[in-house]
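Hi everyone, thanks for making time this morning. I'd like to walk you through a structure, so please have a look at it while I talk.

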Amino acid sequence: MANDFVEKGGTHKGFAPLKVLFCPRCTLAQLSVAVDPQVLYRDYLYVTSPSRTMQEHFAKLRKLIGEEQSATSVLEIGSNDGALLRFMEKNGASRILGIDPARNLSNLASKEHIPTINAVWDRDAAEDAAAHFETGVDIILARHVFCHVDNWKDFLHNLAVPSKKDTLVCIEVPYVQDLLEGCEFDTIYHEHTSYLSIQSFRAALNGSPWRLHRVERLEIHGGALLLMLRRTDYEGKAQESVRKALESESITLERWREFAVKAHRKIGELSAFVRNLVTSGQEVVGYGASAKSTVWINACSFTRSQLRFITDTTLLKQYRFSPGSDIPIVDEGALTRELPKYAVCFAWNFFPEIYEKEKIFREKGGKWILPHPEIKVV
Ligand code: TYD
């Protein structure tokens with residue numbers, strides 16, 4: 001499991017096959033297995049990044065949402081440590097509630113006075129949310145949650161429980177078109193059970209209380225979709241963006257086949273590049289213990305013989321070990337303390353910000369290896 005960073009002597013959550021299946025009819029791609037969410041999320045180490053990039057993303061989301069609806073009351077599903085709800089509250093939301101299955105993160109959010117229910121998004125949680133908002137909630141947010149969910153039918157029906165006629169649902173998911181175009185194979189891991197196209201999402205809405213109202217493409221995390229939904233009994237018309245986005249979408253089996261070939265090539269390239277550097281006596285480390293780092297490291301069969309450590313800003317991940325390779329994760333200061341010659345940036349989705357921040361590394365002759373979109377030394 002990509003986020004299964006364990007402490008010294010800790011036990012791993014286990015292993016599961018990682019295989020993508022494709023439906024040529026509705027263009028949905030899904031994993032062949034769904035790991036029990038209790039195993040994946042009960043204690044969860046992914047914390048929403050406090051980075052500048054993420055704050056800018058939140059501001060963008062708020063602007064887009066504001067064009068549709070004033071956000072007085074906001075419910076967030078998969079609220080993590082409450083970062084987005086805090087942002088919404090600071091920017092005018094007077095009533096907020098988060099739902100998150102991770103015990104550790106719900107506690108963190110509650111301590112910071114973000115009302116949070118520790119639960120998966122099921123019927124009980126939906127009823128609790130309905131009771132919290134009494135007359136129905138204005139906005140429901142679900143960032144990078146829907147692609148983690150196995151039972152979409154229940155998920156969508158439960159969204160109706162705390163809703164009113166003009167509730168706006170905003171679902172953010174990684175966009176499969178960007179995954180294919182950028183060959184972002186490192187975003188394929190067990191937490192992402194599906195790789196959504198707009199066409200497949202529309203098919204999933206059939207028979208649900210929701211319809212697509214507006215679609216926006218976002219840059220975050222290598223390319224994402226903001227899918228805005230309205231209830232089927234809402235009177236306003238769907239926006240042009242839905243038709244346009246559907247028209248510009250092209251997801252085929254052929255594209256997945258090309259993707260597989262390219263992914264193999266990229267894995268081979270990074271693997272050889274790092275091994276050559278190490279053989280010639282250069283020190284290489286990893287930067288960002290992202291889930292993506294786990295995918296890359298296992299695909300390249302790196303161990304600490306290739307990458308001495310991985311730095312990460314997330315306190316919960318530090319002094320743990322990367323799953324599958326047992327490479328140690330250390331604090332971010334290690335980069336400038338140890339000054340390795342090369343660092344592979346596994347948080348490539350934040351690279352412009354990281355490049356600026358880690359000026360000392362650069363000035364002392366350190367070089368970045370970027371694995372995405374193509375392997376490149378900066
Ligand atoms: P992210 O790309 O958000 O997620 P995923 O796990 O889905 O691949 O992870 C980025 C990781 O990089 C996260 O663990 C935090 C870390 N990070 C740093 O160490 N330094 C930074 O400056 C930033 C922005 C992130």
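Let's begin with Glu235, which is exposed, its relative accessible area being 67%. When I say buried, I mean under 20% relative accessible area, while exposed is over 50% and partly exposed is in between, using a 1.4 Å probe and the protein chains only. Before I go on, please keep in mind that this is a predicted model, where local features need pLDDT of at least 70 and side-chain atom pairs count only at pLDDT 80 or more, while totals for chains, interfaces and linings use all residues. Residues are numbered from 1 along each chain as its sequence is written, and side-chain values use heavy atoms, with hydrogens and water left out.

Back to our glutamate. Which residue does Glu235 form a salt bridge with? The partner is Lys165, and the closest N and O atoms are 2.9 Å apart. A salt bridge here is a side-chain nitrogen of Lys or Arg within 4 Å of a carboxyl oxygen of Asp or Glu. Lys165 is partly exposed, at 41% relative accessibility.

Now move along to helix α9 itself. There, Glu247 and Arg243 form a salt bridge, 2.8 Å from N to O. Because they are four residues apart in helix α9, about one helical turn separates the two. Glu247 is exposed at 57%, and Arg243 is partly exposed at 40%.

A further pair is Glu374 and Lys262, whose closest N and O atoms are 3.6 Å apart in their salt bridge. Glu374 lies in the loop between β15 (367–370) and β16 (376–377) and Lys262 in helix α10 (residues 253–279), so this pair ties together parts 112 residues apart in sequence. Both partners are partly exposed: Glu374 has 33% relative accessibility, and Lys262 has 27%.

How many salt bridges does a search of the whole structure find? It finds 25. Some residues are linked in a network of salt bridges, namely Lys63, Glu67, Glu68, Arg214 and Glu216.

Let's turn to helix α3. In this helix (residues 83–90), Ala83, Leu84, Leu85, Phe87 and Met88 are buried. What do the buried residues of α3 pack against? They pack against α2 (52–66), β3 (73–77), β4 (95–100) and β6 (139–143), where contact means heavy atoms within 4.5 Å. Just after α3 comes Gly92, with a positive phi of about 110 degrees.

Last stop, the ligand. There are 19 residues around it, and Lys292, Asp312, Lys317, Asn349 and Lys357 come nearest; a residue counts as near if one of its heavy atoms lies within 4 Å of the molecule. An N or O atom in the Asp312 side chain is 2.7 Å from an oxygen atom of the ligand. Ala291 also places a backbone N or O atom 2.7 Å from a ligand oxygen, and for a backbone N or O atom of Thr313 the distance to an oxygen of the ligand is 3.0 Å.

Note on methods:
A polar contact is a pair of N or O atoms within 3.5 Å; within protein, one must be able to donate a hydrogen and the other to accept it, and residues adjacent in sequence count only if both atoms are side-chain atoms.
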